[in-house]
Amino acid sequence: MGKIGTHKLKSKIDFIIRVAGEGGEGVMSCGELFAKAVARTSYHVFTFITYPTEMKGGYAMTQIRIKDITIYSMGSFVDCLVAFNQEAYDKSIPYLKEGGILIYDPEFTKIDESRKVIKYPIPFSKISVDTIGRPLGKNVVVLGILSHIYGLELPGLEKLIDDRYGSKGEKVVEGNIRALKEGSNAAAKMGVLTVMDLSKSEPANEDYMFISGNQAVALGAIAAGCKFSAGYPLTPATSIFETLSKFLPYVGGKTIQMEDEIAAISAIIGASFGGEKVITPTSGPGLQLMSEQMSLASMLELPIVIVDVQRGGPSTGLPTKTEQGDMKFAVYGSAGESPRIILAPTNVEDTFYQTIRAFNLAEKYQMPVILLTDQSIGYRKATVKMPDFSKIFQVDQYDRKKKVKIPQADQIELVQRQVPTEEELRDYKRYKNTKTGISPISRPGTPGGQYLATGLEHDEYGKTNQGPENHLAMSKKRFRKLDEVSKAFEKNPMETYGDPNVRIGIMGWGSTEGAIREARYLAEQAGVKIRHIHPHTISPLPERQISKFLHRLKHLILVEENLTGQFAHFIKAKFGVKPIEVHKCEGMPFTPDEIFNAIMKVARIADEDNITNI
Amino acid sequence: MKTISQTFNTYKSKTIKPVWCPGCGDYGVLAALDKTFKTLEFKPEDIAIVSGIGCSGRFSHYFNSYSLHGTHGRALPTATGLKTVRPDLHVVTIGGDGDGLSIGGGHIAHAARKNVDLTYIILDNNVYGMTKGQSSPTTPLEYNTKTAPYGVYEEALNPIAMFLSYNISYIARTTSTDMKAMHSILTEAIQHKGFSMVYIMSPCVTYSVLPYAKLKDMVKPLPEDFDPSDKMSAFKYAYSDEHMYTGVFYKEEKSSLEERLTKVFNIAEVSKTTSEIMEEFK
């Protein structure tokens, strides 16, 4: 990962389609069916969706990017815009490239005729009414139009329609297929140009999945050997629990829906005490409710994994929109000092591997691990390479010295918690104050392994002890594990990209990685070289690595999706630097263009500095 | 431990001794639970005790079992998670009237809906004893406590009526002074399939809201001809103003969470490998 200069800059195919309309109009299903059809070719697909909190009404859109090489972000401007209504048009038209394709329904949308775009007024609502008697099939009519423009074959789409609507009955499927054909025919009749022929592309390499970030968490958990999840529905994390509920039983796992988030985290603590690998998915408001129990897990030294799919806050905030607003709470939200690990995946594929890593870290170091994703990753769908299942290894439960590698497609090591040896069971100290701070956990049912796990301060046996020396010793023991984590993180490869000799650096965390990476490529094309660091481990940070990165920098740009610069506070406090902070607090992810503009501004400042220095 | 022979004299911890006040009702419950484990011939390593916070929360400390002493009010969902993944363990959950009915009160309804196969013992002393005398959900109206020095302004809960309306599948009430009743109820409750609630009146001797003498006057066993499958009749006795009835109020045979989840496995029918699951996302 992250070798300098290995990326392919030039791609032959790279286009972006946005379908915009109102919630409940089928914008999502239209986009998803199109994306799914393309995912079956050899192209990479990346989708981003945003929709209102309400079930019906309000602006909703899905954006699909198709490229012949890896896609890092949803892009900045679109090549083709489908507007279902006036609001959708007004909100999206600024993002349509000059010369791009605009498809709209003239019955519902008045457009600015002076725009230099290719305009196709197609009455898709009327076509739907004429075909199936209702306007609701217009999303499928649009799908037909798009298939004409991008040369997707209808039989493939018909199969996908059958998969999606089959449960609603033959009549619905048949109506939708007719609407699809009518859409395609209407486009042909109106002389709409076919701009490319996706059907001529190679069929997909069999080794790819097309999954969302939330599905990646669920699949990562299953791959890691998770056997239990307790959850409470909370947007935008809910589909993780839904996916686990569907698939965990296949691998002998169980899920239970609880009455609230406090009960959910309590249940996974109980199940972890029972010896199983556990996870609970939530979002910011749920994480707040869980905080007391997170501290309990730190105190009992039980492995648990919590996923926070961040959304706009505070309070109910923007449930269906993205924000990097929970970092400080995740790191610091605790009464008393309780060690925990915070990981921040950068994209859909990475989410899969970081989830496995979260389980490994939790099981090895016996503490909560919080995986901080966000709505933009959770709801994003991308083509992800299938891991090599022949390269999954279980780490021996008695191997206490084993250095575990970060899980990757070509090798996944699965950690299980250390168990006591027979010798240790003779006088079992559950909280033995070892050199690493890690003490083996006995599984209930093991004779001689009985112990008390109490949230009260305790001694090595687990017995309550409130003495001053004991409290200091046990606090140190718990935090020694975090030092071990820190040491392990420093030994990982540096998560830096770009020219190591330049004086401008950019730093981000989590889901902004793709947009920053693309902005860096754009800057390179414009003659500005920068380097980029993007730690996956927010806490503990690989401090030596970051110091090394910061060492020769003159300007540091710090990018994050919130108002106050939470990560920047963290970095400023730890490293005494004064970064130029770029924040976005609009519920939407950064586009590469926005970051590129920031880089160019800083480059100009850097130039002026050079002049004054002379 | 290896030193313990196959028949156990006691399941109590050898190293941790109770810290309750002399005369506390909880001593009696501790002895009754120990005796019950003996009767049922459990192996100590197969017993899991989960408790909350308060005097009753210390129960988990006093047994040589797998014990989890968690946070205030969360013993029940914690035990639910444990029992779900480890149906082979005998899970006993213990809390007080504050832990179980105030901060953790919301969890009981949902454990009841799941009919999770565990026993929940609530020890009611009508007061927050460990924190030295504040009002609890069962402190009577107008009684003076440290947090209601001019009299409690909330009505006391009627826990048995509440449990009946939650459809808990086994509900019994007894007192910490009645060793025989505690032993027989606990034995039956632990063997009951599904969620069993054992409500024990365990007076506090330091903040004596309901002294032993008064309790003795109040309690009366349910009539001999009482039918514990008759819920309406159970409600009548639960709401009695005259007496505090003791005995088994209700029991019902219905599917447990484990059985319901096993049904999920049957629906899932075949087991799949991770790679087979991931194939479905192609």
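Let's start with helix 4 (residues 138–150) and helix 6 (residues 170–189) of chain A, which pack at about 45 degrees with their axes 7 Å apart. Helices here are DSSP runs of H or I, at least four residues, and strands are runs of E, at least two, numbered from the N terminus. The axes are lines fitted to C-alpha atoms, for helices over the stretch in contact, and angles run from 0 to 180 degrees between N-to-C directions.

Before I go on: this is a predicted model, where local features need pLDDT of at least 70, side-chain atom pairs count only at pLDDT 80 or more, and totals for chains, interfaces and linings use all residues. Residues are numbered from 1 along each chain as its sequence is written, with chains lettered from A and ligands numbered from 1 in the order in which they are written.

Back to that pair. Helix 4 and helix 6 of chain A are therefore oblique to each other; under 35 degrees would count as roughly parallel, over 145 as roughly antiparallel, 65 to 115 as roughly perpendicular, and the rest is oblique.

Now chain B, with its 10 helices and eight strands. Its radius of gyration is 20 Å, close to the 19 Å that the globule rule gives for 282 residues, so chain B is as compact as a globular protein of that length. That radius is taken over C-alpha atoms, and the rule is 2.2 Å times the number of residues to the power 0.38.

Helix 2 and helix 4 of chain B have axes that come within 9 Å and cross at roughly 25 degrees, so these two are roughly parallel to each other. This crossing is left-handed.

So where do the chains meet? The contact takes 46 residues from chain B and 52 from chain A, counting residues whose C-beta atoms, placed from the backbone, lie within 7 Å. Helix 2 of chain B gives the most to the chain B side, with eight residues.

Strand 17 (residues 452–454) of chain A and strand 2 of chain B pair in the parallel sense over three bridges; a pair needs at least two bridges by DSSP. Which residue in strand 2 of chain B is the bridge partner of A:A453? That's B:L68.

Notes
Contact = placed C-beta atoms within 7 Å. Left-handed = near helix turned anticlockwise from the far one by under 90°.
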